[in-house]
Amino acid sequence: MRTPGEHTQIRNSFYQHRASLELSPSELITYFSVLDKLPFPFIVVEIKKNSRGLPIDLIFRYCNPAFEQMEGMSIGSVT
């Protein structure tokens, strides 16, 4: 469980990075690492689109340990 102060700190961290839409893969992992202790599975997936805007590929960018446990595979093999 987190204290109200921790929630405020996490919320402020999200708002600081919100303006930056283009994050490198390592920045993305750092950005979402606040969710590592989340008790339920969480994943961030990038949807690649073709020139007509149709989805053509999914790229797993982040998953928390709860997702890793649910899937029975390591984070490195998922992201």
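User: Which residues do ring pairs link into a cluster?

Analyst: This is a predicted model, and by the ring-centre rule the count in it comes to four aromatic pairs. One of them is the edge-to-face pair of Tyr 31 and Phe 32, with 4.9 Å centre to centre and 90° between the planes. Taken together, the ring pairs join into a cluster the residues Tyr 31, Phe 32, Phe 42 and Tyr 62.

User: How many residues apart in sequence are the parts that the pair of Phe 42 and Tyr 62 ties together?

Analyst: The rings of Phe 42 and Tyr 62 form a tilted pair, 6.4 Å centre to centre with 55° between the planes. Phe 42 lies in the loop between H2 and strand S1 (43–49), whereas Tyr 62 belongs to strand S2 (residues 55–63), so the pair ties together parts of the chain whose separation in sequence is 20 residues.

User: Is Tyr 62 buried or exposed, and how does Phe 42 count?

Analyst: The cut-off for buried is under 20% relative accessible area, and exposed means over 50%, with partly exposed in between. Tyr 62 has 3% relative accessibility and therefore counts as buried. Phe 42 has a relative accessible area of 25%, so its class is partly exposed.

User: With which residues is Leu 38 in contact, leaving aside its neighbours within four places in sequence?

Analyst: Once the neighbours within four places in sequence are set aside, the contacts of Leu 38 are with Asn 64 and Ala 66.

User: Within what arc do the buried residues of H2 fall, seen down its axis?

Analyst: An α-helix has 3.6 residues a turn, so residues three or four places apart point the same way. In H2 the buried residues are Leu 28, Tyr 31 and Phe 32. Because these buried residues line one face of the helix, their directions seen down the axis of H2 fall within an arc of 85°.

User: Which exposed residues does the face of H2 turned away from its buried side carry?

Analyst: Thr 30 has its place in helix H2, and with a relative accessible area of 55% this residue is exposed. The C-alpha atoms of Thr 30 and Tyr 62 are separated by 9.5 Å, although the two residues are 32 residues apart along the chain. On the face of H2 turned away from the buried side, the exposed residues are Ser 26 and Thr 30.

User: Which residues do salt bridges that share partners join into one network?

Analyst: Side chains of opposite charge can pair when their charged atoms come close. The count of salt bridges comes to two: Glu 46 pairs with Lys 48, with the closest N and O atoms 3.4 Å apart, and Arg 61 meets Glu 46 at 2.6 Å, N to O. The pair of Arg 61 in strand S2 and Glu 46 in strand S1 links distant parts of the chain, 15 residues apart. Through shared partners, the salt bridges form one network of Glu 46, Lys 48 and Arg 61.

User: How does Arg 61 count in relative accessible area?

Analyst: Glu 46, at 27% relative accessibility, counts as partly exposed, and Lys 48, at 35%, also counts as partly exposed. Arg 61 has a relative accessible area of 22%, so its class is partly exposed.

User: How far apart in space are Phe 60 and Val 45, C-alpha to C-alpha?

Analyst: Phe 60 is placed in strand S2 and is partly exposed, with a relative accessible area of 35%. Phe 60 and Val 45 are 15 residues apart in sequence, while their C-alpha atoms have a separation in space of 4.6 Å.

User: What pattern does the protein chain follow along the sequence?

Analyst: The protein chain has four helices and two strands, and buried residues make up 16% of its 79 residues. Read along the sequence, the pattern is α-α-β-β-α-α.

Definitions and conventions: Residues are numbered from 1 along each chain as its sequence is written. This is a predicted model: local features need pLDDT of at least 70, side-chain atom pairs count only at pLDDT 80 or more; totals for chains, interfaces and linings use all residues. Side-chain values use heavy atoms; hydrogens and water are left out. Contact means heavy atoms within 4.5 Å. Buried means under 20% relative accessible area, exposed over 50%, partly exposed in between (1.4 Å probe, protein chains only). Rings of Phe, Tyr and Trp (its six-membered ring) pair if their centres lie within 6.5 Å; planes under 30 degrees apart count as stacked, over 60 as edge-to-face and the rest as tilted. The arc is that of the directions from the helix axis to the C-beta atoms. A salt bridge is a side-chain nitrogen of Lys or Arg within 4 Å of a carboxyl oxygen of Asp or Glu.
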